[in-house]
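Here are my notes for you, point by point. Keep the viewer open and find each residue as you go.

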Amino acid sequence: MSRSLTGIAAELEALALLDFDPMNINADGAGRLQEICAELVERDDPERWAPLLYSLMERLDAADMGSPGPIVHLLEAWGGHPPLLAESLRRKPTPMTVWMANRLLNTGPSDAPEWLELLRRAVWHSAASPEAQADARDFLEHQAHAGHKTPSNVVNQPPMLAAGDGV
């Protein structure tokens, strides 16, 4: 019998940056995360568990949880993740979420301008780490070379935002 979502949420919440530290010989975060994601894939309520994964990415934004790793594989296999990804980028862009946005842009979505704007805002977002900001900047430049309309000045000037947009 599978665990309750509350039990899974508690295990995700218990994961710490030290669990993903390559210098920590006792680190087992990657293995635990793989097991949790294997458990989640068996559940039929992704709209309930997917927010837990975004919360983990935001909380442990400095952790290397794989590239793409079990979280990205699971969310992309579900397919309903883009709205949650956009919400996460608005709250706290992380290296993993800006990378996911770039992966999504690489598929040529019809809403590419909105994703480009989210990446642009990530460059200036007050909650984003310097790494997430730099990654967002790099991905915008990549997308400009890939043919998306991202003027060179888009990265160098902060966006006009409404109150509460995190910039």
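1. Let's start with a pair. D45 forms a salt bridge with R48, and their closest N and O atoms are 3.2 Å apart. Is D45 buried or exposed? D45 counts as buried, at 7% relative accessibility. Keep in mind as you look that this is a predicted model.

2. Now zoom out. The protein chain has eight helices and zero strands, so if you read the elements from the N terminus on, you get α-α-α-α-α-α-α-α. Buried residues make up 45% of the 167 residues in the chain. Take the contacts with a separation of 6 or more: 67% of them are between residues 24 or more positions apart.

3. Back to charged pairs. Side chains of opposite charge can pair when their charged atoms come close. How many salt bridges does the structure hold? The count is 13. One of them joins the side chains of E11 and R32, at 3.8 Å from N to O. E11 sits in helix α1 (residues 5-14) and R32 in helix α2 (residues 29-41), so this pair ties together parts that are 21 residues apart in sequence. R32 is buried, with a relative accessible area of 18%; the cut-off for that word is under 20%. A network of salt bridges links R3, E11, D19, D28, R32 and E39.

4. R121 forms a salt bridge with E117, with 2.9 Å between the closest N and O atoms. Both residues lie in helix α7 (residues 112-124), four residues apart, which is about one turn of the helix. R121 is partly exposed at 22% relative accessible area, and E117 counts as partly exposed too, at 24%.

5. Next, have a look at the nonpolar residues. In soluble globular proteins, nonpolar side chains tend to be buried together. The largest nonpolar core here has 42 residues, and L33, M65, I71, L75 and W115 touch the most other members. The elements that give two or more residues to this core are α1, α2, α3, α4, α5, α6, α7 and α8. Which of them gives the largest share? That is α7, with seven residues. Click on W115 and you'll find it touching P82, L85, A86, L89, A101, L104, L105 and P109, leaving out residues up to four places away in sequence.

6. H81 is found in the loop between α4 (69-78) and α5 (82-91), and it is buried, with a relative accessible area of 8%. Setting aside residues up to four places away in sequence, H81 touches Y54, L75, E76, M100 and L104.

7. L17 lies in the loop between α1 and α2 and counts as partly exposed, at 44% relative accessibility. What does L17 contact beyond its neighbours within four places in sequence? L17 is in contact with L60, A62 and A63. L17 and D61 are 44 residues apart in sequence, while their C-alpha atoms are 8.7 Å apart in space.

8. Most peptide bonds are trans. The one joining S67 and P68 is cis, with omega about 10°. P68 has its place in the loop between α3 and α4.

9. Last stop, the largest pocket, with a volume of about 220 Å³. Of the 15 residues that line it, the closest to its centre are A63, D64, G66, P95 and M96. By class, the lining has eight nonpolar, three polar and four charged residues.

Technical notes:
Residues numbered from 1 in each chain as written. Predicted model: local features only at pLDDT ≥ 70, side-chain atom pairs only at ≥ 80, totals over all residues. Heavy atoms only, no water. 1 Å grid on protein atoms, 1.4 Å probe; cavity = no way out; pocket = protein on both sides within 12 Å on 5 of 7 lines; lining within 4 Å. Points joined across faces, edges and corners; volume = space filled by probe spheres on them. Nonpolar A, V, L, I, M, F, W, Y, C, P; charged D, E, K, R; others polar. Salt bridge = Lys/Arg side-chain N within 4 Å of Asp/Glu carboxyl O. Buried < 20%, exposed > 50% of the residue type's maximum accessible area, 1.4 Å probe, protein only. Contact = heavy atoms within 4.5 Å. Core = buried A, V, L, I, M, F, W, Y, C linked by side-chain atoms within 4.5 Å.
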